[in-house]
Amino acid sequence: MASINFSPVLLALFLSGITYVLVYLFFIRAKVFSKKEIPMPIVQTAGFREPLSPSFSNRLPTSSYDPQEPEIDFTEEDDSGELELVEDDSSILLKEAEAVIDHIAAVIGNIASHPANPAEVFTKIRAIVSQYGIFQNTEFYDAINRYVAVSVERDLALRFTEAELAELWS
């Protein structure tokens with residue numbers, strides 16, 4: 001007597017296929033897949049019952065509704081076809097401040113000497129920060145100083161004083 005060996009995966013696929021076909025045939029026989037009309041909800045107001053149609057087309061006035069496209073006035077300057085994105089000063093400063101922070105983070109991450117030489121760290125950060133005098137008298141000035149103080153203390157175990165942080169910018 002010969003025995004047939006099926007792998008469990010093939011057997012599971014075969015049985016799931018048979019189950020799918022049987023369920024599909026059952027639903028076709030029960031006509032579940034046949035098209036039926038969707039029942040319309042009924043709106044009742046003050047004793048008046050009216051079926052609510054999904055399109056609402058019978059509720060829009062057709063004679064007085066005249067869609068018009070908005071008029072756009074093009075001047076000669078608008079005909080160039082080029083669009084210019086205009087950013088306000090604070091968003092430009094924010095992007096520059098992020099660039100400075102990223103540059104400082106890269107420098108602090110690449111300090112090779114352990115323990116770090118305070119003079120080397122100060123001169124490398126000063127070389128970056130001194131180029132951005134536009135941040136003085138803004139909120140970014142304090143934020144960058146705080147970032148430098150915290151990251152230098154956290155990553156390099158160095159502490160800059162307020163005077164040293166102010167000296168970075170000159």
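Analyst: A residue is called buried when its relative accessible area is under 20%, exposed when it is over 50%, and partly exposed in between (1.4 Å probe, protein chains only). Welcome! This is a predicted model, in which local features need pLDDT of at least 70 and side-chain atom pairs count only at pLDDT 80 or more, while totals for chains, interfaces and linings use all residues. Residues are numbered from 1 along each chain as its sequence is written, and side-chain values use heavy atoms, with hydrogens and water left out.

User: Is Phe140 buried or exposed, and what is its relative accessible area?

Analyst: Compare the value for Phe140 with the cut-off for burial, under 20%. Phe140 falls in the buried class because its relative accessible area is 12%.

User: What kind of ring pair do Phe135 and Phe140 form?

Analyst: Rings of Phe, Tyr and Trp (its six-membered ring) pair if their centres lie within 6.5 Å; planes under 30 degrees apart count as stacked, over 60 as edge-to-face and the rest as tilted. The structure holds 5 aromatic pairs. In the pair of Phe135 and Phe140, the centres are 6.0 Å apart and the planes meet at 65°, so the pair is edge-to-face.

User: Phe135 belongs to a cluster linked by ring pairs; which residues make up that cluster?

Analyst: Phe135 is itself buried, with a relative accessible area of 0%. Ring pairs join this residue into a cluster whose members are Tyr132, Phe135 and Phe140.

User: How many residues apart in sequence are the parts tied together by Tyr141 and Trp169?

Analyst: Both Tyr141 and Trp169 are buried. Helices (H or I, at least four residues) are DSSP runs, numbered from the N terminus. Tyr141 sits in helix α4 (residues 139–156) and Trp169 in the segment after α5 (162–168), so the parts that this pair ties together are separated in sequence by 28 residues.

User: Which residue forms a salt bridge with Lys124?

Analyst: A salt bridge is a side-chain nitrogen of Lys or Arg within 4 Å of a carboxyl oxygen of Asp or Glu. With the closest N and O atoms 3.1 Å apart, the partner of Lys124 is Glu120.

User: Leaving aside its neighbours within four places in sequence, what is Lys124 in contact with?

Analyst: Lys124 is partly exposed because its relative accessible area is 35%. Contact means heavy atoms within 4.5 Å. Once neighbours within four places are set aside, Lys124 is in contact with Val107 and Ile111.

User: How far apart are the closest N and O atoms in the salt bridge of Arg159 with Glu153?

Analyst: A search of the whole structure finds 3 salt bridges. In this one, Arg159 is exposed at 62% relative accessible area, whereas Glu153 is partly exposed at 38%. Between Arg159 and Glu153, the closest N and O atoms are separated by 2.4 Å.

User: How much accessible area does the nonpolar patch of Leu11, Phe14, Leu15, Ile18 and Leu22 have together?

Analyst: Patches are made of residues with over 30% relative accessible area and no salt bridge; like charges are joined within 9 Å, nonpolar side chains (Val, Leu, Ile, Met, Phe, Trp, Tyr) within 5 Å. One member, Phe14, lies in helix α1 (residues 8–29) and is exposed at 53%. Areas come from the Shrake-Rupley method with a 1.4 Å probe, and for residues only the protein chains shown count as cover. Together, Leu11, Phe14, Leu15, Ile18 and Leu22 have an accessible area of about 480 Å².

Conventions. Helices (H or I, at least four residues) and strands (E, at least two) are DSSP runs, numbered from the N terminus.
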